[in-house]
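This report describes selected features of the structure shown below. Please read it alongside the sequence and the 3D view.

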Amino acid sequence: MTKSRSLSDIILNVYIGFFFLYLFAPLLVMSLAAFNAYDYPSVTQWKGWTLKWFGELANDDRILKGIANSIIVALGVIVLSLPLGLAGAFVLTRLEGRYNNLLYALLVSPLLMPGIILGISTLIFWGRFNVPGGLLLTIIAQSSFIASYSMLMFMARLQRQDRVLEEAALDLGASNFMVFRRITIPFLMPTIITAAVIAFLQSIENYNTTVFAIGGDWTLVTEIGSRFRFGLSPVINVIGVIFVIFTVIAASLYVLQKEKERQRKLATA
Amino acid sequence: MHSLIRSYGKPLTSLFVCLTAFWLLVMIALPQAFMIEHSLWHIDRDDQLGMKIDRAYSEMGLVEYDLKAAKTEKVRAEFQTRIDALKAQIAALEAQETEPPKIYGIHNYTKMSELHFTIFLKSIVFALMVTVLALVVCYPMAFTIAKLATPYKAALMMLGLIIPYAINELLRVYAWLMILDYQGVINSALAWLGLVSFEAKTWVPFLENPGSVFVALIYAYVLFMIFPIYNTVETLDKNQLEAAKDLGASTWKTHMRIVIPHAKPGIAVGCIMTFMLSVGSYSVPQIMTRGKSGDWFSQLIYRQFFESQNWNTGAAYSFSLVIVCLAFILIMMKSFKVGIRDIAK
């Protein structure tokens, strides 16, 4: 970067400043309202600092049940979508011929489709077999696109796989199953962990698909969604604050980890 | 496929194939097919049916009366056939009442009212506007992070982008609601300046303007535009920028002739994702408008399913949305000359 402070540099810096203001100001407003004693979420009608909304959250049974449901769904999504994504990645990386592109397009299509469509099609399809909306259907609907995410991650990893190792193991008399368990799975382990974390976060966060598949049940997010219609209170802001705190902690840990790695690399170099 | 069998053997390979097939068929293709099938029929409930049945009964009563009064055998037989015909007609009508017939056709697509069709078109136009706006807003950011900032600054900015994204979509949108609401932050600031008054309700009704949905949509999906562009711009050789500068190209020209052509796949992906997410977003318009301004198409779909219980119409509306998204993807792929492999990364 050149040191010259030209007009365009200043404009760009101002622009970036505004951009981050656009990103963070709303979060600040939302977090602040969680500590306001006023009954309706607000930062302008300030009635003094309070922590009572945190206490209300702890006593809010529907929200607590929603959190439990969200975690059940997220775990179910991990269990269902990771094997599907992995299987799809294996088939796609080894399948030759012109069907490869078609299969690829079909398997990533859930990512290119609006979330509500995935929820609706799942609801209609399973409705024919008398499976009503609920947690199970939510797991299935969410997995249809989260599996695509994991598949793309596994494919990226498998493309860097050195097949010589597997060949060597086979030549030395290892069984196919042993090769898979002792060579392929350890090689994929970092991706399996990342994919599980991403699947978990995607599932917890999802609203557009879930709202169609959830039926009479609810997750944390659909419960928040229905509160916008009935009973908006600063309890929602408290949930926001908790999300913010978790995210900032996770992000800082991630940065620290990266920094440590960098320093270690510098030390060994 | 042979190399898969060679490495992992037949049992594992068939397991992979079965899982893939299950995913493809049971979770992707068949649900879509069932949705389309659902959109192609409707239950024909005739509103006049009850009246028709009543009329047939009363007519039969009259004929039966005539039958009793009939003198000759010939007239009697005539009345008898009329009664039989009426009986058959009533039976058919009653069967139709208890089990209305399923009629296949494009009825669900053609019966879309003018209002709903306007909303359909409006949602598409709005989503296109959001996409263009997001591109304009995000491109400078993506370029700065990829090429101008020092590595440390770039990492920090990346983090700054990811943190808001990690917070739930609903809550992100809700934060904007608090700012733009009638008695929200902006209106309060205006009131403090004496420009509006809460008592006289002269606040600026931001929420009744689709612009507020735009702001929240861009806010919600900013990352889907920035990341793909960032990824492609990052692979651009910095020397090309230096060379352009040395040869006297203006910033504008450098971007038009070098950066943007190089970033084409990223721009296409960013636009596809943003358009798809915006046009299909249920949460953002639902929260931002709170029923105060017009519905978006996604809200109409929701209503068809959960308020009017008309799944057939809902399925038809949903499939129309799929068609729009597919068309947009194909147009982008064609005009930006990118393949499916570039899109989903």
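## Overall form of chain B

Of the 345 residues in chain B, 49% count as buried, where buried means under 20% relative accessible area, exposed over 50%, and partly exposed in between, with a 1.4 Å probe and protein chains only. This is a predicted model, in which local features need pLDDT of at least 70 and side-chain atom pairs count only at pLDDT 80 or more, while totals for chains, interfaces and linings use all residues; side-chain values use heavy atoms, with hydrogens and water left out. Residues are numbered from 1 along each chain as its sequence is written, and chains are lettered from A and ligands numbered from 1 in the order in which they are written.

Chain B contains 15 helices and 2 strands. The radius of gyration of chain B is 31 Å, well over the 20 Å that the globule rule gives for 345 residues, so chain B is more spread out than a compact globule. That radius is taken over C-alpha atoms, and the globule rule is 2.2 Å times the number of residues to the power 0.38. Helices (H or I, at least four residues) and strands (E, at least two) are DSSP runs, numbered from the N terminus. The C-alpha trace of chain B spans about 115 × 80 × 35 Å along its principal axes.

Accessible areas come from the Shrake-Rupley method with a 1.4 Å probe; for residues, only the protein chains shown count as cover.

Among contacts in chain B between residues at least 6 apart in sequence, 71% join residues at least 24 apart. A contact means heavy atoms within 4.5 Å.

## Around helix α14 of chain B

Asn312(B) belongs to helix α14, which covers residues 311–336 of chain B. With a relative accessibility of 9%, Asn312(B) counts as buried. Its side chain reaches the backbone oxygen of His38(B) at 2.9 Å. Neighbours within four places in sequence aside, Asn312(B) is in contact with His38(B), Ser39(B), Trp41(B), His42(B) and Asn108(B).

Two residues in the loops on either side deserve a look. Gln309(B) is in the loop between α13 (297–306) and α14, and Lys337(B) is in the loop between α14 and α15 (340–343). Gln309(B) has a positive phi of about 55 degrees although it is not a glycine. Lys337(B), also not a glycine, has a positive phi of about 50 degrees. Gln309(B) is exposed at 57% relative accessible area, and Lys337(B) counts as exposed at 71%.

## Salt bridges

Side chains of opposite charge can pair when their charged atoms come close. Over all chains, a search of the whole structure finds 9 salt bridges, each a side-chain nitrogen of Lys or Arg within 4 Å of a carboxyl oxygen of Asp or Glu. One of them joins Glu166(A) and Arg94(A), whose closest N and O atoms are 3.6 Å apart. This pair links distant parts of the chain, 72 residues apart: Glu166(A) is in helix α7 (residues 163–171) and Arg94(A) in helix α3 (residues 61–94) of chain A. Glu166(A) is buried, with a relative accessible area of 1%, and Arg94(A) is buried at 3%.

In chain B, Glu59(B) forms a salt bridge with Arg82(B), with 3.6 Å between the closest N and O atoms. Glu59(B) lies in helix α2 (residues 49–69) and Arg82(B) in helix α3 (residues 73–98), so the pair ties together parts that are 23 residues apart in sequence. Glu59(B) is partly exposed at 37% relative accessible area, as is Arg82(B) at 41%. Glu307(B) and Arg303(B) also meet through their side chains in a salt bridge (3.8 Å, N to O). Glu307(B) counts as partly exposed at 46% relative accessibility, and Arg303(B) is partly exposed at 31%. In chain A, salt bridges that share partners join Asp60(A), Arg62(A), Glu223(A) and Arg227(A) into one network.

## A nonpolar patch on chain A

Which residues form a nonpolar patch on the surface? They are Met189(A), Ile193(A), Val197(A), Ile198(A) and Leu201(A), with about 430 Å² of accessible area together. Patches are made of residues with over 30% relative accessible area and no salt bridge; like charges are joined within 9 Å, and nonpolar side chains (Val, Leu, Ile, Met, Phe, Trp, Tyr) within 5 Å. Leu201(A) lies in helix α8 (residues 176–205) of chain A. Leu201(A) is exposed, with a relative accessible area of 54%.

Key
Polar contact = N/O pair within 3.5 Å; in protein donor to acceptor, adjacent residues only side chain to side chain.
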